[in-house]
Each structure stands twice: as structure tokens, then as C-alpha cells.
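Me: I'd like to go through this model with you. Can we begin with the charged pairs and then move to the nonpolar parts?

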Amino acid sequence: MAQRTRTAVAATATADPRDPLLPPSPAPGPGPSTGPAAPPSTSSEPTDTNTTNPDAPLTPSSSPTSSSTSSGISLHPHSPPRPLIEGKSFTARAVLVGLGVGLIICFSNMYFGLQTGWVSIMSMPASLMGFGVFRLLTKRLKFPFSPVENVLVQTVAGSMAIMPLGCGFVGVIPAMQFLLRDDEGEGPGLDLGLGKLVVWGLGLCYFGVVFGVPLRRQVIIREQLKFPSGFSTAVLISVLHGKTRQRASESERHEDPATFASLAAQEESGSAVVVPGPGNDNNALTGGQETGEEEAAEPHSASWKRNLNLLLVCFLLSGIFTLSTYFVPALRSIPIFGSYLATTWLWTLNPSLAYVGQGIIMGPATTLHMLLGAVIGWGVLSPLAKSRGWAPGDVDDWEKGSKGWIVWVSLAIMLADSVVSLGWLAGRSVVRVQGVRKAVKWVVVQGHGIMQRAKEALGRADKTKRPVGRSGYRAISTGDAARGGVPTRPRLGRRLSDISEASNSDDEEEEYTHLNSGFNGGLRQRHSSALNRIHEEDLEEEKEEEYDDAPPDQQVSDKTVAIGLVLSIVFCIGCIHFVFGNLVPLFATVTAVFMALVLSVMGVRALGETDLNPVSGISKLAQLFFAFIIPQSNKNSVLINLVAGAVSEAGALQAGDLMQDLKTGHLLGAAPKAQFYGQVIGATVGAIVSAFIYKLYTVVYTIPGPLFQVPTGYVWIFTARLVTGEGLPPMAKEWAIGSATLFAATTAARIVIVDKLGGGGVNGEKAKRWQALIPGGIAVAVGMYNVPSFTIARTIGGLLGWWWKGVMGWEDTPLIVLASGFILGEGFLSIVNLIMQSAGVPHL
């Protein structure tokens, strides 16, 4: 069994009186407490430096609102003392700041979501803004602002920020309100007032959060999935608060901290910092030039000031451009390819800094794939459909023009990509997590039974014997494989090879004796002894695993999860019935909720491994499933299909967002209970606020209209009509089938490349390069259904990010801050545009 080496330092922590935002510094004293932190261990696990008194008893904090002192002697011989976690995990001030930051991001996400369907959680900017707010209030703070409190800020902000998408206000709700036809339920359009919108949002915002809690132990504690955004946010918070960690030794360069509070230990000032950025697992977060193998990190106070100033400057620049577009709307559509292509085929450029920022975050590979989709859709298929008479209307017409025709092709590509990728993920998840224990039982027992029947047929066996009883097997975990084959310490359970090796450890003579003394008895004895040994090791692992997690009193109890899950499901079903009445049958709502729970597992695992939560694919799978259980003769089949997809998307999005935040908190030692309640608070406020913002936009602006085209709303309604049996425009079926087949193959190729070459080191980089050369189906589809003006701006951002990192070799974090400032500036200043529009301020 692998043992982990950690360094315990005897010291007492005291807050730094010079700066309440800085972490407590060790009190002077003799012995090791006065010396520098020990260097990292060269074992497979990171070294945690604990500032704790080894003679003190184990005293975990009693609640998430109390200052954590969970440190002391380990009661388990192979487990280290828990690290000292400074500060309070749950405070009212952190919740209020998180709600304020979340409000800004929520406005931005509603604005961009209605335009193009793009929504971002922005955890790193949220933590940076939260730190900046408390930095300005330093002299008024009664106690220091700690890393775990910053975790709560970004948790609340992120849960509030995703509500425009999670509640369907940027896609499915506009489809219900504005795109339903007369023959589709209560069409044309549903009359959903503000009260119903609030009830709808609240109904969708809880069950995914509660269901995500029990998934934490599997994907974060046992399998230690990376959750790249959550990991990067944890490192940023660690640096902001002076909790830097030294660069790992050569043997640890491709490993990341994964155990509880592994980023909470304070290192010596001036140590280097390693943070994974987009597409790079070993990029320096803070400044400094390389000197030999070490890279000196600049003081974190200078780093955060520079990044915060950069955020504010980019915010103002983007905001100024946004205000300018109100008075000069032509700035949003610059005919860079000439007036003919602009007016006839919609090839223009929207030089929005926000969309440049989105492209930076997406990366060069994704944006180039989106540009490929725009070229195929708007440069080839749109003129072809127009010239052949397949789409006789105006190009900009969603119903009769080529704009609507190419959506069917993009929709087929999205469905193919979703079915292949999620099908592969679901099959692997069942085998690796849920079904391995049953698979082991089945293989052993059924294999024994087949051999027994063969012996009976040959007349050699004792027919009074029965197959081996189904007991004594444990679940097999394949965390190593899930992490791309990078070896880590053994997790709970064993592989089939472990059982085989243990079973074959007896010598041949003993095996021969057992088999001849009775096949059943010998097999039972061999596997019983082998599995007993494995079972004992698993019990040791379970005890050791407890010390990789937060103290039990800081975790969400099983009772809370059970009661909360039941209440949230019942509440969701009741809210949907209140909003839609008998238009959506009760059995359909119940089925949608439970299907959402199953699909949430797939979304969480995909997010943990790839940093992408495939909520669009999950919703399309739910719509496809409901096409089989709701008859086409049902007048409300399209509406029911939309509701089912919205519920599945909400569950997967909420569970994934919580898991990213829990990963951040796990690395910094935050209380999961505090994060859970922070998520609930943020989701509640976000659902209510999002309903008000959406209603405000629909009153002031024409939706769909020139500024807010809600393309995802059309994708939703077209999917519902497709799977419920509506006929397609001329030749759309043939092109859709061909495109779906092609991109199903490309998606499978991308999966195979990652599966064969995935992991850290050289193979991981090789996999990324090869994957970038194969177009992703979702990215190509998004480039098709969005007009080229947005895609071109995003591509510029992606190329800017490539030049910044690949050519100039600059740091990732300032680039992310720059992009976030661009996005937040336009998103927030759009409120001013909205106010001027409602007041009737004239355009120039």
C-alpha cells in the first residue's frame, strides 16, 4: 500500500497585524517552527506542510462558520496530521460580496446568452474581484479575509452567474414564449408572466445541487479527477493569499495536488508558483524571469494589483465600446469583406471586445473549428441552398431562408457529437464506477457455471455442487485510467488483474489439489483467500481515505442529502405543474427529473476530465429520449420535449458547477457544507434575479430581433420538431445525415486519440496537438448557427491567445484577466444601454 510523506511543522499561527488579507504567519519559537518549509516529497503525492502542534489533540471545527483548527495528531498510523486551515469557511460578508460579483456576471451572461447562447461561470475573475473588494476594505475588517472565505465568494458568484442558462432564460424559455406555432400546444407562444418565470427558475435550481453532493466522494476524493477550472481557481486563490507552493521536482512535474488542503500550506516567500493554464499544465502564474530551473515568483501583492488594474482597464475599454454601439449601431456590423457579402450573405465583423475575450477563453483550436463551421455553413451551404431553391426566403429568415436551413445541418452535427461522446462516457462510467463490482461477480460466477456445466456434460463433475455464492466482492475503481494512465496511489478497490494475480499466487501443486478435490470448493477457497486479502487492504485504504477529506462535521450529512434530494425533486415537479398545468403530464415531469439525475453523472465526469460540461448534448439526448415516450399525436409533444430537455440541462449544469467549486474548496481546505449552502443561496438569488433581467430584456427589446437573435432558442425548437416527427426542408435530411455521419467519425477519432495518448507529459501534449487538428462537432455546429460576425471576432481572440502564449511565451493568468475584463465590461455596461433604450434615447 502506498504511503504518503508529509512534513509536520510545530508552530502556532497568528494573524499578520500589517495586513488582514495576508495569511497568519508562524509565531517565533525554537525548533523547526522557525525554519523554512520542507521541500516537497518525491513520492507520488504532494507534500503538505502543516503548522500544527503535534502535542495538541485533534480538534476539528464544529461548524463551517467557525474558524477552522482542524489539525493535530493523526489517529491512523499511515495518515498525516490534518493541515491547519485558517479563517472561517462561511461568513455573511463573503456571501454578500459573492452575490454582488455574481450579479455582474449574471447580467453579462443574460446579455451574451440571448445574443449567441454563450455563458461563462468566471470563477477566477470572481475570486480576483472578491479579493479586490476586501483589499479595499482592509482597514475595516474585523478579522482577516482567508482563502476559504474567498472560496465561498466565488462559489456564491458562480452559482448565481449560471442561472440564465440553468433556468433556460437564454434558450428554452424564449423558444416556448416566442417560437411555438399555433398547432404546438398553447401556441403561438406561451404567456409566462414574471411570477411563473420565478417559480420555474426556483424549481430547476435545487435538485442538481443536492444530487451533486454524493458525487463528490467518488470523483474528487477517490478518483481525484482534475476539474481543471476548479484547480486553476484554487491555485489563483492560493497565490492571492500568499499560499504559494514550490515547483515540483522532475518526478512530480506532471502531478497536481489532489488531497484535502494540499494548496493551503504556506510556503516560504519567493517560492515559485506553478499553475495550469488553458492547454498547459505547468505555466507560471505570477511574474519573474527564469533563472536556471527555478522561476522566481514576484510578491503576490504586486501580482494581484497588476491583475486587478488590468481587469479594470479592460472593463472600461469594453464598456466604452458598448456605449458607443448604442449611439452608432453600425459598429456592430462592419462589412470587412465588402457590402455585397455583408448585405446578401451576412459576412460582417462585430468588433466587440467581449467576443474577442470569449475567443481567448475558448482557445485557438476551438475558435478555428468554429470558423470552419462558419465557412461551411455561411460560405458553402447557405449559397447552395439559396441557389438550388431549398431555402427560397431571405438569407436572414429562420423559417424559409438559408439561415434556418443550415441550422438543421448544425443540429444533426450536434446530435451526432453528443450521442458518440456521451455514449462513450456513459459506457465507460458504468464499467469503471457503477458496474465493475457486478461485472466481477458476473464474470467469476458465470464463468464458473459454464465450466461446471461443461464438466457435467462430460460426466466428470460432482453434480451436487453449486456455483460459488455471490459474496465478498468490492467495487473496482480505475482512477488511474480516468486520469489518463498517470500512476497514483491506490484507490479503493482493485482491478481484475489484481484478483487474478492474487488468485494465482498459490503454487501449482496446491491448485491441482484444490481442483481435484472439488472444482467448486477449490475455486471458492482460492478466490476467497485472495479477495479477503484485498478486502483487508481496502479497509485500510478507507481509513486512510478519511484523512484525505474534510472533517466529518464540515461535510454535508447523508441525512441532509436524502431529505434535500426528496424535497428538491418534489419541489421541482410541483413548480413545473404550477407553470404549465396539464399541458405537461405528471409522469413526463417525473421521468424528466430522474433522467436528469442520471445524465448529471455523465456531465460531472466529463467536466472533471475535460473541463467541458456537455449540457447542450445532454439536453438533446433528453429530447431524443422523450420523442420515443411521448406520442406524436399528443398536441403538446413539442412543449413536453422542451421541458424535458430544460430539466436535464439544469441538473447537469448545477451538479457540474458545484463540483468545480468543491474541487477548489477541497484543495484549499474549505468546508463542503459551507460551499453547499453558498451554492444554494447563490442559486436561489440567481434564479429570481435572472427572471427579472430576462423579463426586462423582453419588454425593452424585440426578441428575437437584430440585437438578440436567440439562436439557441431556434436550436431548441428545431430539435423538438425534428425528434417529434416534423418534416425537414428540401434536401436538409440528406445533408444532415451526411454531416452527422462525418462528424460522428471525427468525434470518435478525437476520443480514440485522447484514450490512447491521454495523460500527462509528452503523450498528453501529443494528444492535444492531434486533437486540435480534428474538428470538434459542437464547435463546428456553433459556428454554423451563429452569424459570422460573432465567430470572426472569437477567432481573432483565439489567435490572440495563441500569439500571447505560443509565440511570446507570456503568462496565462493576465490573459485570462484581460479576457474577463472585456466580457464583464460589455455585459455590465449593456445595462446602461438597456436603460437608455427603455427611456427612448435616440440613436445617431
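Reply: A salt bridge here is a side-chain nitrogen of Lys or Arg within 4 Å of a carboxyl oxygen of Asp or Glu. The model is predicted, so local features need pLDDT of at least 70 and side-chain atom pairs 80 or more, while totals for chains, interfaces and linings use all residues. Numbering starts from 1 along each chain as its sequence is written, and side-chain values use heavy atoms, with hydrogens and water left out.

Me: How many salt bridges does that rule give?
Reply: Six.

Me: What does Glu149 pair with?
Reply: Arg93, with the closest N and O atoms 2.5 Å apart. Glu149 is in helix H3 (residues 147-161) and Arg93 in helix H1 (residues 92-116), so the pair ties together parts 56 residues apart in sequence. Helices are DSSP runs of H or I, at least four residues, numbered from the N terminus.

Me: Are Glu149 and Arg93 buried or exposed?
Reply: Both are buried. Buried means under 20% relative accessible area, exposed over 50%, and partly exposed in between (1.4 Å probe, protein chains only).

Me: Which residue does Glu811 bridge to?
Reply: Arg306, at 3.8 Å between the closest N and O atoms. Glu811 sits in the loop between helix H28 (788-807) and helix H29 (812-839), Arg306 in helix H9, 505 residues apart. Glu811 counts as buried because its relative accessibility is 18%. Arg306 has 38%, so it counts as partly exposed.

Me: And what about Asp812?
Reply: Asp812 meets Lys805 in a salt bridge, 3.9 Å from N to O. Asp812 is buried at 5%. Lys805, at 26%, is partly exposed.

Me: New topic. Which residues have the most contacts inside the largest nonpolar core?
Reply: Met176, Trp200, Phe580 and Tyr697, in a core of 172 residues. Helix H22 (residues 637-668) gives the most to this core, 15 residues. A nonpolar core is a set of buried Ala, Val, Leu, Ile, Met, Phe, Trp, Tyr and Cys residues joined through side-chain atoms within 4.5 Å.

Me: What does Tyr697 touch?
Reply: Leaving aside neighbours within four places in sequence, its contacts include Met110, Tyr111, Phe708 and Leu834. Contact means heavy atoms within 4.5 Å.

Me: Where is Ala650?
Reply: In helix H22. Ala650 counts as buried, because its relative accessibility is 1%. Not counting residues up to four places away in sequence, Ala650 touches Gly166 and Leu204.

Me: Last one: where is Ile336?
Reply: In the loop between helix H9 (300-327) and helix H10 (339-345). Ile336 is partly exposed, because its relative accessibility is 40%.

Key: Helices (H or I, at least four residues) and strands (E, at least two) are DSSP runs, numbered from the N terminus.
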